[in-house]
Amino acid sequence: MLDKWRFFVLGAALFSGVSAALYPAVVLKTRLQVAQPAPPCLRAAASILRHEGPRGFYRGFATSLAGTVPARALYMGALEATKSAVGTATLRFGVPEPAASAAASAAAGLSAAVAAQVVWTPIDVVSQRLMVQGSAAATAAAKYRGGVDAFKKILFSDGLRGLYRGFGMSILTYAPSNAVWWASYSLSQRLIWGGIGYHMGGGELRPGHGTVVVVQGISAAVAGGASAVMTMPLDTIKTRMQVLDGGGERMTIGRTVRSLLREGGWGACYRGLGPRWASMSVSATTMITTYEFLKRLSAKEGFL
């Protein structure tokens, strides 16, 4: 039902704009995750602004943006294909429609995350190194002159394995995160529509476009917040594995967890939760409304 060329090109442009608006929160979250010890969130933001200016909040953005187009293309392609296939299969097996929809959404989020990480992990490694450039917590990151320079140096010193540092942890982070997000989004919409229908007397609801957008936005914010809280420790471990040196030793999951526990117990795993929660909630609201709008723009004639 979609014009794929229009879907991917428009999607890349729209999502790039959203990413630019929310990028400062990602930089702040990353700085807090690797800081030893981590300062309060507002103090960290003020420090970046005072010492580096507004440009400090956009370190690594060009690198991140370069990976957006192929990563988003893989993500959206896998998302739509899996959702359609799983949804159809579960209905054929007699699964009730609400459960089938939730299962299809969760499976789609899972497969989309795995597909995107093939491209996104190297971009993530390079951009995060640039995000913490010059910070005391990541001295190794203070030697890069830009994304291309960082890519070359990581490839030269650690080989392809260096660019895919934390790939397994990225899958463990983003796969459940996306599964939780899409399942929560689907269920939240059903709950909200059910509540509205009951409030209006239980009759058939025929919402206008504005109402649909509002419900989608609220559902996305709820899903984004839930996903952020549930997967925050995994994201902190992943970020540290990709950014920190480890004193010449390999940064394994076990070593990273032990380091975090020594620094501040389990609470250290939730450093940067505020910026990540806000970023994911706002991003989710913006992304899903943009995503649904994009599908309408890209629909072929006869499918509107």
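Biologist: Let's start with Val148: is Val148 buried or exposed?
Modeller: Val148 is exposed, because its relative accessible area is 58% (buried means under 20% relative accessible area, exposed over 50%, partly exposed in between, with a 1.4 Å probe and protein chains only). Before we go on, this is a predicted model: local features need pLDDT of at least 70, side-chain atom pairs count only at pLDDT 80 or more, and totals for chains, interfaces and linings use all residues. Residues are numbered from 1 along each chain as its sequence is written, and side-chain values use heavy atoms, with hydrogens and water left out.

Biologist: Thanks. Which helix holds Val148?
Modeller: Val148 sits in helix H5, residues 147–158. Helices (H or I, at least four residues) and strands (E, at least two) are DSSP runs, numbered from the N terminus.

Biologist: How far apart are Val148 and Thr63?
Modeller: They are 85 residues apart in sequence, and in space their C-alpha atoms are 8.2 Å apart.

Biologist: Stepping back, how many helices and strands does the protein chain have?
Modeller: There are 10 helices and 0 strands. From the N terminus on, the order reads α-α-α-α-α-α-α-α-α-α.

Biologist: And what share of the residues is buried?
Modeller: Buried residues account for 47% of the 304 in the protein chain. The chain exposes about 14,700 Å², with carbon and sulfur atoms supplying 67% of that; accessible areas come from the Shrake-Rupley method with a 1.4 Å probe, and for residues only the protein chains shown count as cover.

Biologist: Now the inside. How many cavities of 30 Å³ or more are there?
Modeller: The count is 1 cavity of 30 Å³ or more. The largest cavity holds about 1,200 Å³ of space. Of the 42 residues lining the largest cavity, Arg72, Trp120, Tyr174, Ser283 and Met287 are the closest to its centre.

Biologist: What counts as a cavity or a pocket here?
Modeller: On a 1 Å grid over the protein atoms alone, a cavity is a set of points where a 1.4 Å probe fits but cannot get out, and a pocket is an open set with protein on both sides within 12 Å along at least five of seven lines; lining residues have an atom within 4 Å of a point. Grid points are joined across faces, edges and corners, and a volume is the space filled by probe spheres set on the points.

Biologist: What classes of residue line the largest cavity?
Modeller: Its lining has 23 nonpolar, 13 polar and 6 charged residues. Ala, Val, Leu, Ile, Met, Phe, Trp, Tyr, Cys and Pro count as nonpolar, Asp, Glu, Lys and Arg as charged, and the others, Gly among them, as polar.

Biologist: What about the largest pocket, what is its volume?
Modeller: The largest pocket comes to about 460 Å³. It is lined by 19 residues, and Glu97, Ser101, Ser186, Gln189 and Arg190 lie nearest its centre. H7 gives the most to that lining, with 6 residues.

Biologist: Is Gln189 buried or exposed?
Modeller: Gln189 counts as buried because its relative accessible area is 17%. Gln189 belongs to helix H7. Setting aside neighbours within four places in sequence, Gln189 is in contact with Val215, Gln216 and Ser219, where contact means heavy atoms within 4.5 Å.

Biologist: Last topic: which residues have the most contacts inside the largest nonpolar core?
Modeller: That core has 20 residues, and those with the most contacts inside it are Tyr75, Leu79, Trp181, Trp182, Tyr185, Ile288 and Tyr291. H10 gives the most to this core, with 5 residues. A nonpolar core is a set of buried Ala, Val, Leu, Ile, Met, Phe, Trp, Tyr and Cys residues joined through side-chain atoms within 4.5 Å.

Biologist: What does Ile288 touch, leaving aside its neighbours within four places in sequence?
Modeller: Ile288 is in contact with Trp181, Trp182, Tyr185, Gln216 and Ala220.
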